[in-house]
Amino acid sequence: MDIQIARRRSPWRKARWVALGAALIALAVGFSRWAGISRAGLPTVARDRVLVDTVRRQLMQRQVRGAGVLVPEELRWVAAESEGRVERVLVQPGAEVGAETIVIELVNLELEYAARQAELDFRAEEAALRDLPARLELERLGDESALVELADRCRRLGVTAGADRALDEHGAVPALARRESEAEATTCGTRLDLARRRLDRLRQSESTRLAAQRARAESLRGVAELRRRQVEALVVKAGRAGVLQDVAVEVGQRVAPGTTLAKVAPPDRLKAVLKVSEGEARDLAPGLRAMVDYRTGKVAGKVARVEPAVRGGTVTVEVTLENSQPPGARSDLSVDALIDFERIDDALVVGRPAASDGGGAPGQRLSLFRIDADGNTATRTEVALGRASSLLVEITGGLAPGDRVIVSDMTGWQSVRQIRLR
């Protein structure tokens, strides 16, 4: 029968394990102390002073944000047609008016006198026009009567010249007398021919003279009507039904023709006029859908017009509203709008960093601080951006789903590779 003999463990082996454990503990303590010292030397940023967002995959609706005001779709500017002094303002802004509602009364005594004088001149010329046919007929009858008398005289002179010629052949009258009678007959015939031609021209000119007189009368009629309209325009009317938006003059003020006096707009047709930064406006076109926020509510709309020119770094965009008069909306009310122009079903996105450019052009590279695994530090990481909207930006490289990055403005830490969050 075999008897098992217990083996004794070497004391040196146990000591080696104890020494190894102590070394590992010392190494861990030293590393933690070294890491603490290293982290303590990092720049510190208050956690509540930065905006952190998580990289994720989701539907990305590319949108452009614009700010502007609501304005009437149709706006009528009421301008002064005549020079005058403001006598009365009869309607104040905010009142509903009709097309014939009198808004302002002007006074111009010189214009009223000129209108009366123009009316008198026209009436005098009109009377002369009515009298002209009678005067022309009298002239024609006078010329015809003179022509008859001249023809009779020429006939008698011709008879006398013929008789003198016959007597001269028999020596009964001197040759000088014969020649004088013949000359008188010839002269009278010439005068008779001229008188006939004059009468023909007079008859032909009657219609021309009537037309000229009629034209002068029409000209004076136009002047009189113009003056009358100018006097009537001293009573300024709204010109269309709507709401009086503004009165731009005061009582006693002198205004010149063309001066804007007031503006009237229909109360039930509004549109949004937005200002969009030139970098974000490159993809906008008429027909795109939009959502307009007018503080007390939201209303859907559609882009109606995009101005081709850039003014002051912005592009003007007009959006027509599906409900042209949303509840609580009014002219000149400040609004914000989001315009949709592209839909990406499965995009890797993060909140738009403050340092990204206005256009979010694909291929842009940006350094962002990514939160480390311990959650207490953040390391600068090179990130490739894709398409962008007003709120989100597409990630094409440098980050993965679940990564947390600082998207607020970190321009003050451009020279720092790593920061500590406190």
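**Exercise 1. Find which residue of β14 stands opposite M291, and describe how the two strands pair.**

Step 1. Look across from M291 in this predicted model: the residue facing M291 is A300 of β14.

Step 2. Now trace the strands themselves. β13 covers residues 289-293, while β14 covers residues 298-306. The two run antiparallel and are joined by 5 bridges.

Step 3. β13 and β14 form a hairpin with 4 residues between the strands. In this hairpin, R295 has a positive phi near 75°.

Step 4. Carry on to the next strand. β14 pairs with β15 (residues 314-321), again in the antiparallel sense and over 5 bridges. Here R305 stands opposite E318 in β15.

A reminder for your notes: strands of a sheet pair through backbone hydrogen bonds, either parallel or antiparallel.

**Exercise 2. Decide whether R289 is buried, partly exposed or exposed, and list what R289 touches.**

Step 1. Read its relative accessible area, which is 36%. Buried means under 20% and exposed means over 50%, so R289 counts as partly exposed.

Step 2. Collect the contacts. Leaving aside residues up to four places away in sequence, R289 touches A300, G301, K302, E322, L338, I339 and D340.

Step 3. Compare sequence with space. R289 and T320 are 31 residues apart along the chain, and their C-alpha atoms are 9.9 Å apart.

**Exercise 3. Is T377 buried or exposed, and which side chains does its own side chain join in polar contacts?**

Step 1. Locate T377 in strand β18, which covers residues 377-388.

Step 2. Its relative accessible area is 4%. The limit for buried is under 20%, so T377 is buried.

Step 3. Check the side chain of T377. A polar contact of 2.4 Å links T377 to the side chain of D372, and another, of 3.3 Å, links T377 to the side chain of D374.

Note on methods: Residues are numbered from 1 along each chain as its sequence is written. This is a predicted model: local features need pLDDT of at least 70, side-chain atom pairs count only at pLDDT 80 or more; totals for chains, interfaces and linings use all residues. Side-chain values use heavy atoms; hydrogens and water are left out. Buried means under 20% relative accessible area, exposed over 50%, partly exposed in between (1.4 Å probe, protein chains only). Contact means heavy atoms within 4.5 Å. A polar contact is a pair of N or O atoms within 3.5 Å; within protein, one must be able to donate a hydrogen and the other to accept it, and residues adjacent in sequence count only if both atoms are side-chain atoms. Two strands pair if DSSP finds at least two bridges between them.
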